[in-house]
Each structure stands twice: as C-alpha cells, then as structure tokens.
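Good morning, and thank you for coming. Please look at the sequence and the structure on the screen while I go through the side chains and how they are arranged.

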Amino acid sequence: ACAKVPLDEQHVTEPSGPQGGERTLPALHPDRKEERCFLPYKRPPEDGVPALVEEFLELAQFISEDLEWLLALPHDKFWCQVVFDESLQRCLDSYLRHTPRGLDPSGLSSTPAVANMQGNIHRSVFMVFLRMATHKESKENFITPAVFAEIIYNNYLFDIPKILDLCVLYGKGNSKLLHKMIENIFTQQPSYYGDLNETIPSIIQVFDAVLGKCGIQSEDAGASQPLKLNANRCLTPMSMPEEELTELVLYICDTCTTIHSFLDIFPEACSSFKQHNFLYRLSSFYAMVIPDLEKAARKRIFNKSLQADMWRQVSHSRKKLVEIVHLLLQHTCLQPILEGSENMPSCVEELLQTFTAFLQEKRFLADYDEQFPIADDVSLLQQAFPHLDETRTSYLLQGVESAWESVGKKRSFPSAFSSASHSAGARSKSGRDTSTSMEEGGGIAGVREELRGAEAMTETPHKGDNGAACTVSAGELESLLCHIRDLFPDLGEGFLLACLEEYGYNSELLINNILEDNLPPSLGKLDRAMARPVKKEVPGVLSSRSNVFDDDEFDVFNRDRLDMSRVWKGRRQGESARATLNDKQHIEEQRERYQAYETVVDEIPIADHNAFDLDDYDDEYDDTYDINQIGANDLDEEDELLNRRPFTTPQVLRTGKRAEEVLEEEEEYKDESVKRDLFIQDPAVLRERAEARRAAMQSRKGYRPPPQNHVAGGPKGQGQSQETVTDRRRKEAYKSRGANHNRRTMADRKRNKGMIPS
C-alpha cells in the first residue's frame, strides 16, 4: 500500500490462480475478506444451571477470540472484514440487543468465570465500534471523510438504535470518548440527523403504547387513531397480571434510561427532540403513568425481592424522565441564555412558555422543582433579561407552590436527588449536573463497572444541606410511616422514625437504602422491630380551663345531655310575629298574681284575743309621741283618708262578665269622688292671661299699635278704596326695609357692576 493515500484509493496486488499469476484489487474488496464465522451472542443464564453456564462460557469464548482477532487485523483488512462480513454485524447487533442492562432484575450471574468472560466481550465490542467510528487511525491509515460517510451509512455499520444502545451500555465512565465518537459520525454523515428526526416519532409511539397498556389513551393518539374494539378490556397497573406488569415497568425503565444516556452524551440531539414537542409529551406521560405505577408497586402483593426491584425501577424511571426534560431545557433554552446568544429573547420566552405549560401537570411540576428548582431558573432569567415581566414570573412561582400543595408535599427538606440541584450561577457549560456526571476514564479501563449498564442510583447525604435534621408535621409523618410500612411490615415504627430522622424525612431515599441494605452504622445498631416510643399525655385544656359559662344548662363539656329544644340556628322554625302576638300564655300567668292582689280587707276579726297578746300592756312603750298630733294639720278630710280606692284590675287581664262589673264599679267611684284638682291648667286660659299681661305692659310704656292696613282690598274688578291704594303704595315703597334685606337694591347694584348678566 502507498503511504499517505486514503484506503479507498489504494490498490493491492495479490497472487491469483494456480500458475502464480497476480491480480490488482482495490484495498476494499469482498475477495479480501477472511472466511470466519462470528457466532451470535446469547445472554448469561439466570438460574446458574451448570450445563447452561458451561454452554455460555464456550460460546462466549469463541466470540471473545473472534473479536480479539478482528481488532488485531491491520487497517485495510479490518475494514474489509467489517464492511463485507455479515456474520460480524449479526454478532455485534445481538450483543447490543441481548446483553443485560443495569436495572435488569436478572443481572449477571454470580459465577466469577461468567462475569470475567462477559467483561472481555463487553470490552472487545466497544473497541470494535470505536474503531469503526474512526476514519483516521494514523497519518498512513485513514479513509476519505466522504467515502467514510458513505461506508458507514450505506452498510448500516451505525444507525440510531445502535447509537442509543452504545450510549446506555458504555456511557458510564466513557462519556467523553462516546461523545467524540458520535459527534464524528454525525459530522461526517449529516444524514443521521434525518434518521434521528424519523426515529423520534417512533419513540413517542412507544410512550403511547405504554399508555394503552395501562388503559389510558393519549389525546394525540386518540385524535389520530380510531378506538379499538377491545379498548374497554385494557387493564390498569392494579389489575394486569404480575408478569405483564413487571415487563411493562422494565420496558419503561430501559426506554427512559436509554434516552437520557443519549441526550446526556450527545446534547446536540436535544434540538431535534424538542422540535417534536417531546417536552409536553413526557410531562403528560409522567402525570398519567407514574402515579399508577407507584401505587401498584406499593399496594399489590408481590414477592419481596420482586417488589423491591419494581420499586427501584419505577423510582429510576421517574428520576430519568425529569432529567430528560431538564436536559432538553438546559441545552435548548438555558445554555443559549448563559452564553448570551443573539436569540436570547426567544429562548427566554420559550422557557417561560414551557414552564407555564407544565402548570397543569402538578405532579410532574412538583417533582421537577424538587430536583431542579424553577426559582433558580427564574432568577437566572431575571439577571440575563432585566425587562422580564414580573407579573408573569410571580404567577409561575405561585403555580409551583400550588403544585406542591396539591400533591401534598412539603419543601422543608431536600429531595432524594437534590444533591444534583445547583444555583443559577453555577451551571456547568456542558449542561450535565453533578448527579449524572460520570467518572472520566481512559479507554476501556473499569469495564466491569460498565457491565452494570446505565448510571446507578444517585445517593445523597442523610441530612439536609446544613447538617441539621429536618422536621415535618404530625400528619405528614404518619403518612410517611404508613407508606414505608406497606413495603416493610416487619419493621417497627420506632426504627422507621429513627431512619426518617436520619435521612431528613426523605422516604424514597430511605426505601432505596433499606432495599440495598446500605444503612449507616448508627441505624444498623438499632433493633429493627423497635416499637414507637409512647408520648406522655399532656393534661387536657378542658380540665384546666375556667369560663363564665361553666355548669350552666348549655355547658357541653360537663353535661352529657342538653335540652335541644332550646337550641336552634337562625330564626326558630314555625315562629312568626303573628304567632308571638297570639301567644297569651304570659297573660294567664300574670292574671293569677293580680287576682291575689285584689283580695283586700280593712279589718280582720280575731276570735281569740289572747292568741296575739293584745291586752298585755307594754311597759317599755314610749309615750313621747302621744302628744304629737300626727296628720292634724293636713288638709285631707277624714273620709278621704279612711276611704281608699278599690284595687283595679288591668284591662288586658279582664275577661267576660268580670270585666263589665269592674267597669261599673269604677264609674260609681268616679261619681262619688270629689272633684280632682287641676294640676295642669287649660292652655287657652293661660294664653288669655298672657295676652292681658302683654297689653297692660304696652299701655304702661305708651306703645301705640300700628294702624290696620287695607292692602288686601276688595274683590278684583270692582275697584278699590283710597285707603287700599294708599296702603299698597306705602308697602311697595317700604318693603325693602323688611326681612329680605334690600334684595331689589342689591340686585340692581350687582347688575350695574356686571355681576349678573342682563
């Protein structure tokens, strides 16, 4: 081969025929491929049966040797084998499809030989794909970029599903290497962007299929597709078979993990996902599916290990869905704002519109804000764009608070993922947060760690950020205890209370660590069946209270029964003003009292005088007052003093014949009584006396009353006397001296000065 000539332009001369002839072939030619059969990959056995383990080790040994042989080939031979050997592509595809992922419940076999062999294959497959994605290995060994793009695209060496599987299998620990690899593929062959745009609708259909499995039909799918005849037979997560539910949860977990790994490693694809309204589809999917799956994982009765795996997968899916949305917003909106790009106003508007659209998905909004506080993003927007509408941002933040309240969460303690949250000014330029940052290693070192697949669950400190234990209300504490005891009925409430206090009352993190047996030493020393400590009863407030209404007829704290006929709300039923006026019961009660007063006697005959000691003389009687004539000088007559007016019954109490008799007695009494004294004199008499006194006083002063005027005169039309004419003229001349205060003169004066318009 010639030096510094691309492989696609090189030609080689090889012996041909039995007579030692030679022929010249292109360096990339099917005849230069070695005849070697690559076996398809099969996953390790789950139950560890010796025969199956031996079969797997034998198959894996062949695959490992073949891949090592392939990697040892020179540049031209390697590409001939890669391009023209179909068995090699089937082997690589089978490994990407069937190798265990990180959260696969089967996992890897505990046999060291199986794990070691799996690690060798894992490393070799990655090295093969890495070499396939490199068009220039050295100055002498390289391929023309345009030809390289055609080779990998036309021969399906890479496609979008393969790239997604590579990200989820090798992303942990090799993110930088994978990013360079995928970036080179998309840069050299832009057609992969078109394939990605065609793949995203298929991914959306995956989420719609999951909704259909759960008995939910999305709005978009329902509008574009007719309703199936067996749609009413769809099962919910609470009613579907156990095996089907397990596969569904694993399918969702694998899908979310794969998408997140791809977007985290290759952020340039975020814009393509965002163009298909992927954000809104994810938020609605989260709100419709995740709560039902969590309820099924908690309430349904499974095998303990199966339930633990299912809960871990649901929690992982939940976390990855939120992080996918954050990655899309980070690289399409927040990153351009931080960099101060030209389209910053449109990015700000788009971000606010997205958050506003999330307000209707309250469960998703609360979980997103728990992991990535929206208030930090709003603060960043206000710093980068000072003219931001304050009313709009306050409305958005109030909606976030409302979402927390509607889902019954409290923001007083950090979440299970809050170690990944960051302030607005400390965002990394790459957009990847600390919870998902991967250990950057060189090459394929630490391959055994990659065998776990996608990133492991994030662990956070057991306390809050400030080191102090967080507190919750009594109702929230009971809810947390009930939620955890549904999963671990063998644990005591006292032990769970100590665990919650240690973990800042974060139930999700506590459940994960209990399942993984990763509790701190301080909790490991406690008795797991420890009962809840008994609280000392505080004396009640009612026993020590003092009130003016104590022991009355309405004291409900001391009386067991009350007269409910005397208690009503508002106007008493059946009671009206007419009924009240017609009620004469109080009159009957008063009539008896007045009848007792009516019995009056002047003298009481006494039969036995000795009974009252009337004849005994009292020596101690004082005769001083005998000489005083008490009442002798009074003008009252003797008869008037002795005769008293009989008792009169009020008219309202009189009834029937008795009332008439009383009236007759009163009339007789009026006739016989002496004429009453006029205490109030007649007003007419008083006026006459006052007029007489006034006339006498005026005569003494020499006052002469004015002559009587004849202004009124006689009837109209019959002429008037001279006196009437004279009096009328006098009145006209002197009437300005009266009570109107010269109104005519003053009016003329105002008019002359222009104060009144003429």
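Let me begin with a definition: a nonpolar core is a set of buried Ala, Val, Leu, Ile, Met, Phe, Trp, Tyr and Cys residues joined through side-chain atoms within 4.5 Å. Buried means under 20% relative accessible area, exposed means over 50%, and partly exposed is in between, with a 1.4 Å probe and protein chains only.

Some conventions come next. This is a predicted model, in which local features need pLDDT of at least 70, side-chain atom pairs count only at pLDDT 80 or more, and totals for chains, interfaces and linings use all residues. Residues are numbered from 1 along each chain as its sequence is written, and side-chain values use heavy atoms, with hydrogens and water left out.

I turn to the core. The largest nonpolar core has 143 residues, and those that touch the most other members are W79, F158, F262, L263, F273 and F278. Helix α13 supplies the largest share of this core, 14 residues. Helices (H or I, at least four residues) and strands (E, at least two) are DSSP runs, numbered from the N terminus. What is F273 in contact with, leaving aside its neighbours within four places in sequence? The partners of F273 are L196, I200, I203, I259, F262, L263, F278 and L328. Contact here means heavy atoms within 4.5 Å.

The next topic is aromatic rings. A pair of aromatic rings is described by the distance of the centres and the angle of the planes. Rings of Phe, Tyr and Trp (its six-membered ring) pair if their centres lie within 6.5 Å; planes under 30 degrees apart count as stacked, over 60 as edge-to-face and the rest as tilted. How many aromatic pairs does the structure hold? There are 23 aromatic pairs. In one of them, the ring centres of F186 and Y193 are 4.9 Å apart and the planes stand at 65 degrees, so this pair is edge-to-face. F186 counts as buried because its relative accessibility is 1%, whereas Y193, at 30%, counts as partly exposed. Another edge-to-face pair is formed by F358 and F364, with 5.1 Å from centre to centre and 80 degrees between the planes. Both F358 and F364 are buried. Ring pairs also link a cluster made of Y153, F186, Y192, Y193, F207, F262, F266, F273, F278 and F285.

A charge sits over a ring if NZ of Lys or CZ of Arg is within 6 Å of the ring centre and within 35 degrees of the ring normal. The charged end of R36 sits over the ring of W69, 4.5 Å from its centre. Likewise, the charged end of R131 sits over the ring of F78, 4.2 Å from its centre.

Now to salt bridges. A salt bridge is a side-chain nitrogen of Lys or Arg within 4 Å of a carboxyl oxygen of Asp or Glu. A search of the whole structure gives 28 salt bridges. One of them joins the side chains of E14 and R32, at 3.1 Å from N to O. This pair links distant parts of the chain, 18 residues apart: E14 is in strand β1 (residues 11–16), and R32 is in the loop between β2 (21–26) and α1 (50–71). R32 is buried, because its relative accessible area is 6%.

A second example is the salt bridge between R101 and D165, at 3.0 Å from N to O. Here the partners are 64 residues apart, with R101 in the loop between α3 (86–98) and α4 (112–132) and D165 in helix α6 (residues 160–170). R101 is buried at 14% relative accessibility, and D165 is buried at 17%.

In a third, the closest N and O atoms of E323 and K320 are 3.4 Å apart. Because they are 3 residues apart in helix α13 (residues 304–339), E323 and K320 are separated by about one helical turn. Both E323 and K320 are buried. Salt bridges that share partners also join E294, R318, R363 and D367 into one network.

Finally, confidence. The pLDDT is the predictor's confidence in each residue, from 0 to 100. The protein averages 77, and 74% of the residues score at least 70. Over residues 412–469 the pLDDT is below 50, although this stretch has 137 contacts in the model beyond near neighbours in sequence. Where pLDDT is low, the predicted coordinates should not be read in detail.
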